[in-house]
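Take a moment to look over the chain as a whole before turning to its parts.

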Amino acid sequence: MAKLVAITACPTGIAHTVMAAEALRRVAALKGHHITVETQGSEGARTPLDAAAIAEADAVIVAADITVDETRFQGKRIIRTSTALAIRETEHIIDEAVARSPASALSVVPAPPAPVTPPVTVVTATHAATPTAGGSGRLVAITACPTGIAHTFMAAEALTRAAKAKGYTLKVETQGSVGAKNLLTPEEIAAADAVIIGADTHVSTERFAGKRLLKTSVGEALKQADSVIERALALPVVVAGTPAAEAPAQAVARAKAEPAGPYKHLLTGVSFMLPFVVAGGLVMALSFVFGIDAFKQEGTLPAALMQIGQAAFALMVPALAGYIAYSIADRPGLAPGFIGGMLASRIEAGFLGGIAAGFLAGYVARWFRDHIRLPANLEGLKPVLILPLLSSLVVGLLMVYVIGAPVAAIMHGLTDFLTGMSGTNAILLGLLLGGMMAVDTGGPINKAAYAFAVGLLGSSTFTPMAAVMAAGMTPPLGLALATVVARNRFTLQEREAGKAAAVLGLAFISEGAIPFAAKDPLRVIPSIVFGSAVTGALSMWFGCGLRAPHGGVFVLAIPNAVQPVGLYLVAIAVGTLATTLALVILKRPLPEEPVLPAPEGTPSLR
């Protein structure tokens, strides 16, 4: 009698998955063999295989129509086929698994020709060797922040530079609101000695199963790249099927199962929401090119543009809630998240209602997913019927009868307060938002202020967004100007960096100030906070409004995207000058570099 383990998997995890599993169990029993089957689908793994069953197995059958993690089967004979063939040619596949002898090295052997079915594939899994000290190994990484602009690419560059210094080649996939770039291929992942994820948003890790995986923030990946590389390489190598590997494997499993914090869930929602806000805000601004009230004439181009913009804004809160829930519960959270977000939008609870709906949907869906247990032949109903129905009912009823009305009242009060804000109150809010944008230049405090301003755009409250973007531009702009007017307070490298900081500042990339703040935090951070606070206060005092959540000065080219443009530019200019003045006062001139005497015989220039 042979001992076998198997995985059956199709995209939904319903019909083909269950039918293939039952066919394998039935035929194996008829032939006198013992088999344990794990089924996988859109909900994840059901009846998972335990380490003891895998260790005792003589062979592994993978009947899958989707990618399946096989790293836990290293050293085992693996027979790969599809779910359809596992249903139709079950006896042939069972015989193939029993008959194959263990291979001594990595091999891919076609099965003997069968008259009615394509050959199955048999492999013996092995593990890549760990690179020797000082060798040239391979690493892969993902960097991600909500916008996918500054921190994402700066962290990628820092990790690449640190890996190269240690003799490793590193490929980095960057993710943001525009999607993923420089995608990692399965071959590159398989060849990598370790995986690094530096992200402030949700990043799926299924494709890295079985690899040494280090999760950290994008800020740490940027500022402590050397340490991050070392920690990734110091992780234990996971080798399935060996007693020494059981503890590390369990640790990896626990790390993957641990939910990210609420802050990361929120930023994931904001990241997916941004494209809707950008498109909606700018298209609505374009409608005003034809006149402030031109969109009121039905059938005209301005009316069509306004309809497009309003449609994009209508999806803003559902997208925020849906992807917060997705970050918490993965795919089971999407339906209740979007439904809760749409309800929040309809009852005018705004972005606060979307946040509440997203977190509620995520945790409810995850609880149902983890605690509902059904017979094997009914498990297929769970991802497509039971989870969406129950979680959407719970979230919907709570939003309608319990949470929605109070949150809507809070949102209305906040909107009315901000809309009617003037004088001292506006200045104080501008000071607060401006200082938050500069205190950690792209960190959690900066993103909290940014998320607050973006969320208010859906309620037609545009002044906080203007203050936030202006305040985010002034740190790199002020530093760039300071490197020109106070050259003796900066090194040559800093003066060169100032040129790049100017471009980043114009594009609303606050992270251009990071190199300066990291080198001299006690003087640079108070200076840029002062300048940004001045900018935010002036922008709010002038009543400037901004309809787009990003773009810097380049948004000014779109008519009516910023109003009034002149005073907005004044606020940015004054804040830049305030930053520069503070830097000149706080920073001390650097000692002059000694001038070496000219070699003997060198002609004098006098």
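**Reading the model with care**

Over residues 103-119 the pLDDT stays under 50, and for this stretch the model has 29 contacts beyond four places in sequence. Another such stretch is residues 601-606, where pLDDT likewise stays under 50, but for which the model has zero contacts beyond four places in sequence. Since this is a predicted model, these stretches call for caution: where pLDDT is low, the predicted coordinates should not be read in detail. For the chain as a whole, the mean pLDDT is 80, and 84% of the residues reach 70 or more.

With that in mind, the overall make-up of the chain can be described. The chain holds 22 helices and 14 strands, and of its 606 residues, buried ones make up 50%. When contacts between residues at least 6 apart in sequence are considered, 70% of them join residues at least 24 apart.

Valine 62 is found in strand β4, which spans residues 59-64, and because its relative accessible area is 4%, under the 20% cut-off, valine 62 counts as buried. What is valine 62 in contact with, leaving aside its neighbours within four places in sequence? Its partners are Ile7, Val68, Glu70, Ile78, Ile79, Arg80 and Thr81. The C-alpha atom of valine 62 is also separated by 8.7 Å from that of threonine 83, a residue 21 places away along the chain.

Further along, two helices can be considered together. Two packed helices are described by the angle between their axes and the distance between the axes. For helix α11 (residues 301-314) and helix α12 (residues 316-329), the axes come within 4 Å and cross at roughly 25°. Because angles under 35 degrees count as roughly parallel, α11 is roughly parallel to α12. The residues that meet are Ala312, Phe313 and Ala314 in α11 and Met316, Val317 and Pro318 in α12, and by class this contact has six nonpolar, no polar and no charged residues.

Aromatic rings give another view of the structure. A pair of aromatic rings is described by the distance of the centres and the angle of the planes. With ring centres required to lie within 6.5 Å, the count comes to nine aromatic pairs. One of them is formed by phenylalanine 351 and phenylalanine 452, which are edge-to-face, at 6.4 Å centre to centre with 75° between the planes. This pair links distant parts of the chain, with phenylalanine 351 in helix α14 (residues 350-371) and phenylalanine 452 in helix α17 (residues 444-457), 101 residues apart.

Phenylalanine 490 and phenylalanine 516 form another pair, and because their planes stand at 85°, with ring centres 6.3 Å apart, the pair is edge-to-face. Phenylalanine 490 lies in the loop between α18 (463-485) and α19 (492-506), while phenylalanine 516 lies in helix α20 (residues 514-519), so that the pair links distant parts of the chain, 26 residues apart. Phenylalanine 490 is buried, with a relative accessible area of 3%, and phenylalanine 516 counts as buried at 2% relative accessibility. Elsewhere, ring pairs link Phe272, Tyr323, Tyr326 and Phe338 into a cluster.

Key
Residues are numbered from 1 along each chain as its sequence is written. This is a predicted model: local features need pLDDT of at least 70, side-chain atom pairs count only at pLDDT 80 or more; totals for chains, interfaces and linings use all residues. Side-chain values use heavy atoms; hydrogens and water are left out. Axes are lines fitted to C-alpha atoms, for helices over the stretch in contact, and angles run from 0 to 180 degrees between N-to-C directions. Helices (H or I, at least four residues) and strands (E, at least two) are DSSP runs, numbered from the N terminus. Angles under 35 degrees count as roughly parallel, over 145 as roughly antiparallel, 65 to 115 as roughly perpendicular and the rest as oblique. Contact means heavy atoms within 4.5 Å. Ala, Val, Leu, Ile, Met, Phe, Trp, Tyr, Cys and Pro count as nonpolar, Asp, Glu, Lys and Arg as charged, and the others, Gly among them, as polar. Rings of Phe, Tyr and Trp (its six-membered ring) pair if their centres lie within 6.5 Å; planes under 30 degrees apart count as stacked, over 60 as edge-to-face and the rest as tilted. Buried means under 20% relative accessible area, exposed over 50%, partly exposed in between (1.4 Å probe, protein chains only). pLDDT is the predictor's confidence in each residue, from 0 to 100.
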